[in-house]
Amino acid sequence: MDSDDSELGLGGAGELGLQISVENAKGKDKNENSDSDGEFDDNSEDLLPWMINDVRSRCVDNGGSGSHEVKMDVNLNLRLSGEPSSSNSSNIATETESFDRFDHDMQNKRPKVHSFSLDWVTNFETEIHYLGPLHEEVDDENLPDSSVTLDNAENKNDPLQMEDSGVRMDLTDDLLHMVFTFLEHMDLCRAARVCRQWRDASSHEDFWRYLNFENHYISVQQFEDMCQRYPNATSVNVYGTPTIHLLAMKALSSLRNLEVLTLGKGQLGETFFQALTDCHMLKSLTIDDASLGNGNQEIIIYHDRLHDLQIVKCRVIRISIRCPQLETLSLKRSSMPHAFLNCPLLRELDIASCHKLSDAAIRAAATSCPLLESLDMSNCSCVSDETLQEIARACRYLRILDASYCPNISLESVRLQMLTVLKLHSCEGITSASMLAIASSYMLEVLELDNCGLLASVSLELPRLKNIRLVHCRKFADLNLRSTLLSSITVSNCPSLQRISIISNALKKLVLRKQESLKTLALQCHSLQEVDLTECESLTDSICEVFSSGGGCPVLRSLVLDSCESLTTVSFESTSLVSLSLGGCRALTSLELKCPNLEHVSLDGCDHLQTASFSPVGLRSLNMGICPKLSELHIEAPLMVSLELKGCGVLSEAYIYCPLLTSLDASFCSQLKDDCLSATTSSCPVIESLVLMSCPSVGPDGLLSLHCLPNLIFLDLSYTFLVNLQPVFDSCLYLKVLKLQACKYLSDTSLEPLYKGGALPALRELDLSYGTLCQLAIEELLAGCKNLTHVSLNGCVNMHDLDWGINSDRLSEVGTFYGSFDSSSSSSLEPNRLLQILNCVGCPNIKKVVIPPTARCFDLSSLNLSLSLNLKEVDLSCCNLFFLNLSNCNSLEILKLDCPRLTSLFLQSCNIDEETVETAILHCNMLETLDVRFCPKISPLSMSTVRTACPSLKRIFTSLAPT
C-alpha cells in the first residue's frame, strides 16, 4: 500500500475518514478487485487495504478517471451504545483537526509496551498446533487501528453497509492490560490479531512469565523464539511435548530468571542434569514419567538453590541428589534400586511405591535428613521395624508418617513421640500389641488403621487425638478412646465390633452404621449433637440410658435408631433432644418420651407398638404411621397442630392434650369410642378438621361432643354406621365440608334438615358417594341446597335421571332456608344455584341428564359423568361450564351442548357418531381439547370436519387407526 494513495484520518464524531485518490487506480483495480471479493474473517490480515481497494473499484465502476480526485468518507464506526455517528467529516481541514484531537487523547494514555508481536498461524483450533508455528512478521500497516473493527460478518462484502458495522473501542492501555490478565495464551494470540493496540498489549511480558506448553506441539525453533521474546519468563512447562531434552536445555540456557521447570513424557540425558547448576534462580523442578540418563548410569542432581524436587514415575538405575537448600523431595512411583541423598534441610520426603528400594536404601535415605518432618513410604513392602527405629532416632522432628501397605511392620518396638499424623492402612502386622507404641505418641492428632485385618482392640488415651479411622477391620471387637480433642470418628464394616467407649469434649457427630454386633455403647461426650446408629441390630434397651439426661450426652439433638431390631422398650427423658427416628424397629412394643423440645419423631414400620406416651413433647405434628396393635396413647404436646392416627385399628384408650391442635385424622380407628372422642374434643377445642372415616364405634354421643369445636369446618364420617345425623346438624353450625361416603344406613329422610330445616347454613361441599339415597331425596337435596358449591354423587345406584327441566316447577316449591337470605330480590324470583362442581361418576342407572337455563346453574364449571354405562342423553345449557367428562358412557346417543365457555370435552369410549359430535360442539366457541379415543363410530381421518365445526380446537385425541 503506497502512502500517497490513501490518507488516514478521524472525523469530528469519531468516524474513520478515508480520503482516497484514484489517480493510480486504473493499473491496480483488476488485481485488487479480487481481494475485495474475498471473505473477511478472523484469519484476514489486510483490513485497511481491502477496504481501500473495494472503494477504488467502486470509483472505477462509477466512471471515475485518474485525472480527477474523488473524495469519499466511509463511516466504519458505531459507538459502544450501538448508535451510529451523527455526522461525517466534510473536508480535509475538519479531518485534520479531528486527528489532532485524537492524537492529544492518545498522549494521555499509559505509554504502550512495544515488543515483538505474537504472529502465529491462524490454525488455533488444531490442538496440537497450540502456539506455533510462527510466520513472518506482519507490517503494522496490515493490522487495523484500535478504533476500527468489524462487528458483523454479513457486511464484509459491501463497504457501503460497513458504514454502520464498526465498533469504537477507546480502551486505555491500563484497562486493556487488566482485562488481558484473565486470558490464556491461546486467547492472547487471538487478541493480538485484532489491532495494533491489542497486539502490543497482549505482548506484555507480564502475561508471558509462565510459558505453558503442556501436551502441545512446539518445535525447538519456536521455543527458542519464545525464550528470546520473553527472556524474563520465570516458569516453563513442556510436559508431554516432543524432544523435552532439547526444550529443557534451551530453557536453562536462555531464561536466566527461570524458577519453575516442569517436564515429562520423554527422555532426559545426563547433560540436562549437568546444566542445572548453571540455572542459578531455579527453585522448583518437576520430572514426571521420564527416563533419566541412558539406563545404566548414575544421575547426579546438584543445585545449591533448589527448594522443591519432584521425580515421579521415572526410570533410572541410581540417583544421587546433593541439594543443600532442598526442602521437598518426591520420588513417588519411580523405579530405582538405589538413591543417595545429601539434603540436610529436607523436610518432606515421598518415596511411596518405590518397590525396588531396599530396606537399607530407605533407611539410609531417611536417616540422612535430620530435619525431616514428613515421610511417605507407603507401598514400600520391604520396610521393617528396625528401619523405623533408626528413623525415629535420626529424625527427631518427624511429624507425619505414612507407612500404609507395609506388611512387615508392627511398631511394637518403635517410639515416635513427636508424631502428629500416622497412617497404617492395610498393615497386616498391626495388632493390639501395637497400640502401646502408638500410645507413646502423645502428640498424635490423626490415626488411620483401615484394613488392619489382625487388629482386635484399640485402647488409647491421647490428649491431642482429633481424628481416627477404623474401616474394614474384620477382627476388631473393642474400641476405647479417651481424648478431650477428639472430633471425628469413622468406624464402618467392622462386623465383630461389640463394645465402644468414648470420652471426648470435642466430638459433635458420631456415625456407627451397620455395626451388627455392637451391643454396648458408653459415651461421655459433652459436645455430641448427632448420633446415627442405623442397622445396629444388636443394640439393647440399655442404649436409652446413654442418651437420656445424665447419660453423658447433655446436648444431644438428633438420634437415629432406624432398623435396630433388638429394641423392645424405648424410654427417653431429655431436655435437648430435637429429632428421634425409630423407623423399622419392628420389635418395639413400648415407647415413652419425655422430651419437651422434641420436634420430630419417625415411627414408620413400628408395627408391633402397643403403648406410646409423648408427655411432654414439643412436637408440632405427629404421624403414628400404621400401628395396628397400638391400644394405648398418651399425648401432651402444647404446640401440636396436626395428628394422624390412621391405621391404629385397636386404639381404645387415648388421652390427647393438644390445645393448639387444628387437624385430627383418626381414620380406621375401629375401636375409638364416644368417651374417647368426647375427651379429645374437650381438650383440643380449636380443631378445624376431623376425620373419623371407618370409625364404626363412634355414635350419637360422640357426635354431640362436637359442639366443643366451634371452629370445625371439615368433617369426614365416611364408611360409618350412622343412622341419624341430627347431632351433627345441632353441633356443627359452621361446617363447610361434610363427607358421607358409603354411609349405607342413612335413610332418605336423614338429610331433610339440610334442605327443609336450614341446617348447616355454611355448608359448601357435600359428598354422598356410594350412598343409598333415593332419586327423590337427591332431587330435593340439589334443589333445596342452593348454596352448595361441590357435590359428589359417585356410584349412587338409586339415581336414575338428573333432569332439572321437567321437575324445575315442582322442585321450586320445595321450601329452602337459603332463599330467605336474599332480602333484596323479590319473593317470586328463585335464587341462583352456587353449584360449581358436580361429580356423578359410575352411576349405573342414570339415563338422562338435562340442565336447562331455567335451572339457573350459572356457576357450574365442571361436570363429570364418566363410567355411567346406561347414560343415553345429555342436554346442557351452562354458560360457565369449562370441563365435561363423558368417558366410557357406552350408551350415549344424544349430546346437546349450549356451553359457550367449554374448553375440555372427553368422550373416550363413547358409542356416538361424528355428526352428533360436530353438531354438539358447533356453539362451543372456546373448546380447546377434545378426546374421542376408542370411539368406534368416529374415524381419526375425519377430524378435519370436526376442526371446521369448531375452529378453536387445539388438541384432538383420537385412536391411531380407524376401528
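Me: How many disulfides does the count come to?
Reply: The count comes to zero disulfides. Keep in mind that this is a predicted model.

Me: OK, cysteines then. Is Cys732 buried or exposed?
Reply: Cys732 is buried, as its relative accessible area is 1%.

Me: And Cys743, buried or exposed?
Reply: Cys743 also counts as buried, because its relative accessibility of 3% falls under the 20% cut-off.

Me: Switching to helices. Which residues of H7 are buried?
Reply: Helix H7 covers residues 220–229, and its buried residues are Gln222, Phe223, Asp225, Met226, Cys227 and Arg229.

Me: Now sheets. In what order do the strands of the open sheet with S41 come?
Reply: The order is S41-S43-S45-S47, four strands with parallel pairing.

Me: Which strands stand at the edges?
Reply: Those are S41 (801–803) and S47 (894–897). Each has a single partner strand, so one side of each has no neighbour in the sheet.

Me: What does the twist average from one strand to the next?
Reply: It averages 10°.

Me: How many bridges join S43 to S45?
Reply: Four bridges join S43 (residues 848–851) to S45 (residues 873–876), and the two strands run parallel.

Me: Which residue in S45 is the bridge partner of Lys848?
Reply: The partner of Lys848 is Glu873.

Methods: Residues are numbered from 1 along each chain as its sequence is written. This is a predicted model: local features need pLDDT of at least 70, side-chain atom pairs count only at pLDDT 80 or more; totals for chains, interfaces and linings use all residues. Side-chain values use heavy atoms; hydrogens and water are left out. Buried means under 20% relative accessible area, exposed over 50%, partly exposed in between (1.4 Å probe, protein chains only). Two strands pair if DSSP finds at least two bridges between them. Axes are lines fitted to C-alpha atoms, for helices over the stretch in contact, and angles run from 0 to 180 degrees between N-to-C directions. A disulfide is a pair of cysteine sulfur atoms within 2.5 Å.
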